Amino acid sequence: MTRLLKVAAAQVGRIDIDTPYKDVVQRMIALLDEAHEKGVKLVNFPELTFTTFFPRYIIPFGPELDKWYQKGDVTKFDPFKPFFEKAKEYGIAVCVGYAELTDEDEHYNTSVFVDQAGNNLNKYRKMFLPGDKEPLENVPWQHLEKRYFLEGNLNWKAFRWPGTGTGHGGPIIGQLICNDRRWPESWKILGLQGAEIVCIGYNTPVSNVAEPGKASQMVNSDSSEAMATFHNELCLQYNSYHNCCYSLCSARTGADDGKYSMIAGSTIVDPQGLIIAKSKTNGDELVWAEIDLDSCYPPRNRAFNFARHRRPEEYKLIVEQKGVKEPAPLEDEM
Ligand code: CDT
C-alpha cells in the first residue's frame with residue numbers, strides 16, 4: 001500500500017521590526033500560490049511567522065508588548081485573514097506559528113494547525129523556552145523568550161488530520177516549535193502517539209552566547225553558522241529516524257533589521273532520517289516533496305517496534321529527575 005501526499009516546508013526570509021503585517025502576509029500567500037501549483041496539500045510555516053523575532057528586543061510590558069501578540073481565533077485576525085482564506089480557497093492545510101495572548105492575559109509561543117476546510121484542528125504551545133528572563137549585559141543580541149512567554153501547557157498532542165484520502169484513519173500529526181526539536185522527550189511523546197508527520201518552525205541565530213554573562217564567548221563566525229545548521233539537521237534527522245516519522249521543518253531566516261542573522265536549511269526529513277528536500281536560499285522558499293506515509297511502518301514494525309522493545313519501567317530517572325546528578329567523585333581524582 002502507498003499513502004502518497006504532497007507536503008511542504010515554507011521558509012520565510014528577512015522580516016524587520018517595522019515590516020507591516022500585510023507585506024508578510026502577501027509573501028506567505030505567494031508561497032501558498034506555489035504550493036497550490038505543485039498540488040501540495042499541507043504547508044508548514046515557521047515559528048512566529050508573521051513578525052520579526054521580537055523576543056530579541058527589550059520591550060516594556062503592557063500594551064507596547066501586547067501589540068506583538070494575537071488574541072482570540074488567529075485565523076479571524078483581520079491582517080492575517082487573507083492568508084487563511086487563501087489556504088482554504090486552495091484546499092491546503094497549514095501549520096503556522098504566532099504569538100498568542102489569552103483572555104487571561106497569558107503569553108504563549110504558539111502554532112496552530114488549520115485544515116483545508118479552515119477548521120482549527122490543534123493548537124500547540126512551545127514547551128521548551130530557551131534564552132533568558134533578564135537581559136544579559138554586553139551582548140550584541142539575546143533571546144528573551146523566558147521573559148515574554150509562559151511555558152506551554154497543552155502537552156504534545158498528536159491528532160488525526162481528516163479528509164486527505166490517504167486512508168489509515170487519516171494522517172497523524174504532531175507539532176513542535178524551535179527549541180522543542182532539540183529535546184528527545186518531545187519527539188518520543190509524539191512518537192508514542194504514532195505521529196506520522198511532525199511540523200516544526202524555528203528561529204535559530206547563526207551565532208550563540210556560549211555562557212550567560214560572558215560576551216567574550218559569543219561565537220560568531222562562518223563555522224558557528226555551519227555548527228548551528230549541523231545541530232539543526234542532527235536533531236531533525238535522528239529524531240525522525242527513531243520515531244519513524246516525517247518532519248517538515250521551516251526556518252524564519254535571513255538577517256532581520258539587516259543584522260540579526262538566522263540559519264536557513266528548511267528541510268523535509270523521512271522516517272529513515274534522510275533529508276529528502278532542503279532549501280537552497282536564505283529567503284522565502286517553498287521546500288516540497290511527495291511523501292508516502294506508509295513508509296513509517298516497516299521500521300515501526302521491526303527495529304523501532306516500541307511495544308516490543310521499549311523499557312519504560314527503567315526510565316524512572318527521566319521523569320523524576322530534572323538536572324544532572326553525577327556519581328560521587330573518586331578520591332584520587334580530586
Ligand atoms: N527560537 C528558538 O527557540 N531558538 C533557539 C535558539 C535560542 S538561542 C538562545 C533554538 O533552539 O534554535
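The model is predicted, and every value below was computed from it. Six strands form an open sheet of mixed pairing in the order 7-8-9-12-15-16, and strand 8 of this sheet is largely enclosed by the rest of the structure, since six of its six residues are buried. Helix 1 and helix 3 each have buried residues on one side, and the buried residues of helix 3 pack against helix 1, among other elements.

**The open sheet**

- The two edges of the sheet are strand 7 (159-160) and strand 16 (275-278), each of which pairs on one side only.
- As background, the strands of a sheet pair through backbone hydrogen bonds, and they may do so in a parallel or an antiparallel way.
- Strand 7 and strand 8 are paired in the antiparallel sense over two bridges, and in this pairing Phe-159 stands opposite Ile-173 of strand 8.
- Strand 8 and strand 9, by contrast, are paired in the parallel sense over five bridges, and here Ile-173 stands opposite Ile-197 of strand 9.
- Strand 12 (residues 246-251) and strand 15 (residues 267-269) pair in the antiparallel sense over three bridges, with Leu-248 standing opposite Ile-268 in strand 15.

- Helix 5 (residues 184-191) lies across strand 8 (172-177), strand 9 (197-202) and strand 12, and the helix runs at about 165° to strand 8.
- Strand 8, helix 5 and strand 9 together make a β-α-β unit, and this unit is right-handed.

**Helix 1**

- Helix 1 (residues 21-38) has 18 residues, and the distance from its first C-alpha to its last is 26 Å, close to the 26 Å expected at 1.5 Å a residue.
- The buried residues of helix 1 include Val-24, Val-25, Met-28, Ile-29, Leu-31, Leu-32 and Ala-35; they cover an arc of only 160° around the axis, and therefore they lie on the same side of helix 1.
- An α-helix has 3.6 residues a turn, so residues three or four places apart point the same way.
- The other side of helix 1 carries Lys-22, Gln-26 and Glu-37, which are exposed.
- The buried residues of helix 1 pack against strand 1 (4-11), strand 2 (42-44), helix 3 (81-90), strand 4 (93-101) and strand 17 (285-292).
- Just after helix 1 comes Gly-39, which takes a positive phi of about 80°.

**Helix 3**

- Phe-83, Phe-84, Ala-87 and Tyr-90 are buried in helix 3, and because they cover an arc of only 130° around the axis, they are on the same side of helix 3.
- The buried residues of helix 3 pack against helix 1, strand 4 and strand 5.

- Leu-48, which is not a glycine, has a positive phi near 45°; Leu-48 is found in the loop between strand 2 and helix 2 (63-66).
- With a relative accessible area of 2%, Leu-48 is buried, the cut-off for this being under 20%.
- Asp-105 also has a positive phi, of about 60°, although it is not a glycine, and Asp-105 lies in the loop between strand 4 and strand 5 (107-114).
- Asp-105 counts as partly exposed, at 47% relative accessibility, a value that falls between the cut-offs of 20% for buried and 50% for exposed.

**Glu-225 in helix 6**

- Glu-225 belongs to helix 6 (residues 222-242) and is partly exposed, with a relative accessible area of 35%.
- Leaving aside residues up to four places away in sequence, Glu-225 touches Val-206 and Ile-263.
- Glu-225 and Gly-191 are 34 residues apart in sequence, and their C-alpha atoms are 30 Å apart in space.

Definitions and conventions. Residues are numbered from 1 along each chain as its sequence is written. This is a predicted model: local features need pLDDT of at least 70, side-chain atom pairs count only at pLDDT 80 or more; totals for chains, interfaces and linings use all residues. Side-chain values use heavy atoms; hydrogens and water are left out. Two strands pair if DSSP finds at least two bridges between them. Helices (H or I, at least four residues) and strands (E, at least two) are DSSP runs, numbered from the N terminus. Contact means heavy atoms within 4.5 Å. Axes are lines fitted to C-alpha atoms, for helices over the stretch in contact, and angles run from 0 to 180 degrees between N-to-C directions. Buried means under 20% relative accessible area, exposed over 50%, partly exposed in between (1.4 Å probe, protein chains only). A crossover is right-handed if, with the strands pointing away from the viewer, the path from the first strand over the helix to the second runs clockwise. The expected span of a helix is 1.5 Å times one less than its number of residues. The arc is that of the directions from the helix axis to the C-beta atoms.
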